[in-house]
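Subject: Structure for you to look over

Dear colleague,

I am passing on the structure below, together with some notes on what was found in it. Please open it beside this email and read the two together.

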Amino acid sequence: MKLCTHNGPFHADDVFAGALLAFFYPQAEFVRTRDPAIMDECDIVFDVGGIYDPARGRFDHHMADFDEHRENGVVLSSFGLLWREYGLEYCEGDEELAGKVEKTLVDPIDAVDNGQDLYKISDLEVHPFTINSIVQAYRPSELDSFDFDDGYSDAVGWAGFMLERVKLRAKAKLEAERYTRSIMDDARDAKYVIFDKHVPYSSVTDDYPQSLYALFPGTNKEWIIRAAPLEKGSTQNRKSLPEAWRGLEDKELEAVCGVAGAKFCHRAGWIAGANTKDAAIKMVELAIAHSAR
């Protein structure tokens, strides 16, 4: 198996495209050239060659008439074209997982490679250090002793690790969201829901308009009360925790709310903590009763 891309300087799209192919063909030989005769000897050619034809193993996107894009308008690069072919299989047939990886990693790489702006520089005039910045760090400089082919090989190895990490984190988040929804579906009319582990509560609350609070274990053996955001991504709450509690801790908070074991309440009223589950339940029930008055 021979995998071919262009020689010379490389970018995030051909690096991550190479990493995706290396996952499926770990024993394949990478060939870096712009020679059409050599390309014709290769099984898959990407980001070079002037042809997009999956049936022939050709995945270039530099042609003047190229118009492959997603519904959001992002034009596909070589990475996106190969993701279209291999992404679902890479994500073990899970369409939702493949969609999350696509939105998180593939979309940004495709857009930037095709000159589509994703952000504007603020008045601070500081440019972010992006995936492309990291990939460019693998290119040789006048002070290095390695060449572009060596740099590309190293960059592909790094990209393979990153691709796996993005998939793993997206899978964990997706499984957590599915678990959260399953619990909330069983308590659809409840104003608060108790979970046995930390969950991405705020990312699913748009579908549960009656829910005001979630309770779950914290990282330091305390119990956490989380107010539902007004909508996903909002800094406003459907029902903030009582104003009199905000900014207080320990004995001072216990005295104000009347719950032994009350630990803290954030000054913005979106999160609070208690030393025990029972104390957290008492606090959230008081908060609901307070908001109902």
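By class, how many nonpolar, polar and charged residues does the lining of the second largest pocket have? There are 2 nonpolar, 2 polar and 4 charged residues in that lining, where Ala, Val, Leu, Ile, Met, Phe, Trp, Tyr, Cys and Pro count as nonpolar, Asp, Glu, Lys and Arg as charged, and the others, Gly among them, as polar.

Before going further, please note that this is a predicted model, in which local features need pLDDT of at least 70 and side-chain atom pairs count only at pLDDT 80 or more, while totals for chains, interfaces and linings use all residues. Residues are numbered from 1 along each chain as its sequence is written, and side-chain values use heavy atoms, with hydrogens and water left out.

**Pockets**

The second largest pocket holds about 240 Å³ of space and is lined by Gly 99, Lys 100, Lys 103, Thr 104, Val 166, Arg 169, Ala 170 and Lys 173. Helix H4 and helix H6 (148-186) each supply at least two residues of this lining. A pocket here is an open set of points on a 1 Å grid over the protein atoms alone, where a 1.4 Å probe fits, with protein on both sides within 12 Å along at least five of seven lines, and lining residues have an atom within 4 Å of a point. Grid points are joined across faces, edges and corners, and a volume is the space filled by probe spheres set on the points.

The largest pocket has a volume of about 280 Å³, and its lining residues include Thr 104, Pro 108, Ile 109, Tyr 119 and Asn 132. H4 and helix H5 (131-137) are the elements that give two or more residues to this lining, and H4 gives the most, with 4 residues. By class, the lining of the largest pocket has 6 nonpolar, 5 polar and 1 charged residues.

**Helix packing**

Helix H3 (residues 78-90) packs against helix H4 (residues 95-113) at an angle of about 170°, with the axes 11 Å apart, which means that H3 is roughly antiparallel to H4. Helices (H or I, at least four residues) and strands (E, at least two) are DSSP runs numbered from the N terminus; axes are lines fitted to C-alpha atoms, for helices over the stretch in contact, and angles run from 0 to 180 degrees between N-to-C directions. Angles under 35 degrees count as roughly parallel, over 145 as roughly antiparallel, 65 to 115 as roughly perpendicular and the rest as oblique.

**Sheets**

Strand E1 (residues 2-5) runs parallel to strand E3 (residues 44-46), joined by 2 bridges, and Leu 3 has Ile 44 in E3 as its bridge partner.

Strand E7 (residues 213-217) and strand E8 (residues 223-227) run antiparallel and are joined by 5 bridges, with Tyr 213 opposite Ala 227 in E8. E9 and E10 form a hairpin with 5 residues between them, and Gly 269 in the turn has a positive phi of about 75°.

With best wishes

Key. Pairing = 2+ DSSP bridges.
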